[in-house]
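Open the structure in a viewer and keep the selection tool ready. The tour moves from one selection to the next.

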Amino acid sequence: MSPEVKTPSPIHSLAAVLMIVAVWFGSGLFTQLNADDEVVKAAKGWTSFRNGHQNLGIADGPLSEELELKWEYTTPDGTASTPVIADGRTYVGTLSGDIHCFELSSGELVWTYRSVDEVAENDIPPGFNAALALNSTTVFGGDDFGTFRAVDRKTGARKWTLETEAEIVGGAQVVGDNVIFGSHDGLLYCLNAETGEKVWTAEAQGPVNATPTIHDGETFTTGCDQPVLRVFDIQQGKSVSEVPIDALLIASAAAKDGILYFGTDGGSVHALPIVDGVEGWTFSIPGREQQMHSSPVVTEDVVLIGSRDKHVHCIDRKTGELKWSFATRGRVDSSPVIAGDKIYFGSADRNIYGVNLSDGKEVWKFPAKQSITGSPAIASGYLVIGTDSSNGRILCFGSPSSE
């Protein structure tokens with residue numbers, strides 16, 4: 001079937017509302033947020049789910065043309081989240097309730113933080129399904145019992161915790177002195193990153209799955225109760241607007257040049273203008289409208305996203321037209337990452353792929369032999385990803401030893 005591109009109707013009212021909000025906040029906050037994103041990029045790491053406030057999913061540099069497995073680490077229940085990387089170390093949360101810190105180049109285990117010290121018989125520890133986030137001193141992550149945790153990056157010691165009323169499956173964003181995340185208790189939280197004290201909470205009207213997307217002083221979320229996009233200012237947590245969309249947003253959105261990009265549980269991809277005067281579009285392939293648990297990667301020219309139709313789709317960012325699709329043998333919940341001129345992602349078909357950005361041709365494939373839900377983190381010439389099976393593995397790839 002041919003892909004369908006159409007212009008969505010509820011978009012234009014959002015742009016007008018946000019223009020008013022932009023005037024209200026003033027340029028000072030915007031400058032700080034843009035500066036924060038530049039700091040993330042300059043760090044030459046991968047410090048949040050999609051490597052920055054706008055969730056664009058782009059690494060700071062390319063990987064080697066050839067990749068080999070440098071090290072691996074087995075975990076009891078695997079990992080479904082995305083690792084983070086900074087300063088020569090990688091940090092990975094696991095479904096068995098551990099946060100591990102490894103030396104990136106060697107795989108040497110530096111420390112392990114456990115969600116609980118002891119597990120009662122026939123019980124399980126809180127696991128880390130959510131992606132981690134970093135600032136210069138701390139690792140942040142929520143668990144599937146509803147506790148948000150701050151862990152010292154050097155030692156792995158607990159710094160503070162905050163209890164929510166339900167599981168946390170989305171990652172956090174560090175913004176200045178604060179950290180922002182959502183919970184299945186229907187709240188969006190903003191905490192002081194150093195102390196864990198609440199700065200504000202905002203009612204999302206339903207469970208929050210996604211890592212917050214932050215663009216020009218606002219964050220965007222859906223509560224998975226109904227297909228409504230809710231916009232909050234990040235200074236006070238006040239609701240700015242609510243805009244209906246055609247289906248639920250399960251994964252995280254990406255923001256670029258005044259447009260919000262996301263896939264839905266109805267199998268469509270949206271370009272939703274958040275600045276006045278910008279055109280939007282909706283993309284779908286009739287007959288293949290499968291849920292999208294993957295978050296998009298966005299460049300100047302294209303939007304790429306995985307789907308449960310077993311494909312990764314590459315869409316023209318300006319027109320919403322399909323450029324190419326890459327087929328796998330399993331659903332693609334893993335969110336693609338761009339490094340140089342290639343994209344990397346995992347699939348439920350138990351493989352990790354490298355694909356040319358220009359034409360969608362496969363250039364690298366690793367048979368992990370276990371299902372992959374999580375997404376890659378890429379920095380300093382290394383790719384780190386986990387498998388989500390029993391006795392799953394954390395895998396690190398880099399240049400062949402002969403290079």
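Predicted model: local features only at pLDDT ≥ 70, side-chain atom pairs only at ≥ 80, totals over all residues.

Residues are numbered from 1 along each chain as its sequence is written, and side-chain values use heavy atoms, with hydrogens and water left out.

Select Tyr344, Ile352, Ile378 and Phe397: of the 28 residues in the largest nonpolar core, these touch the most other members. A nonpolar core is a set of buried Ala, Val, Leu, Ile, Met, Phe, Trp, Tyr and Cys residues joined through side-chain atoms within 4.5 Å. Buried means under 20% relative accessible area, exposed over 50%, partly exposed in between (1.4 Å probe, protein chains only). Strands supplying at least two residues each to this core include strand 30 (362–367) and strand 33 (393–398); strands are DSSP runs (E, at least two residues), numbered from the N terminus.

Now centre on Ile378. Leaving aside residues up to four places away in sequence, Ile378 touches Trp46, Ala59, Leu63, Ile85, Val337, Ala339, Tyr344 and Leu383, where contact means heavy atoms within 4.5 Å.

Next, select Cys101, which counts as buried because its relative accessibility is 0%. A search of the whole structure finds zero disulfides (pairs of cysteine sulfur atoms within 2.5 Å).

Finish at Thr138, in strand 8 (residues 138–142). Thr138 is at 0% relative accessibility, so it counts as buried.

Note on methods: Helix = DSSP H or I, 4+ residues; strand = E, 2+ residues; numbered from the N terminus.
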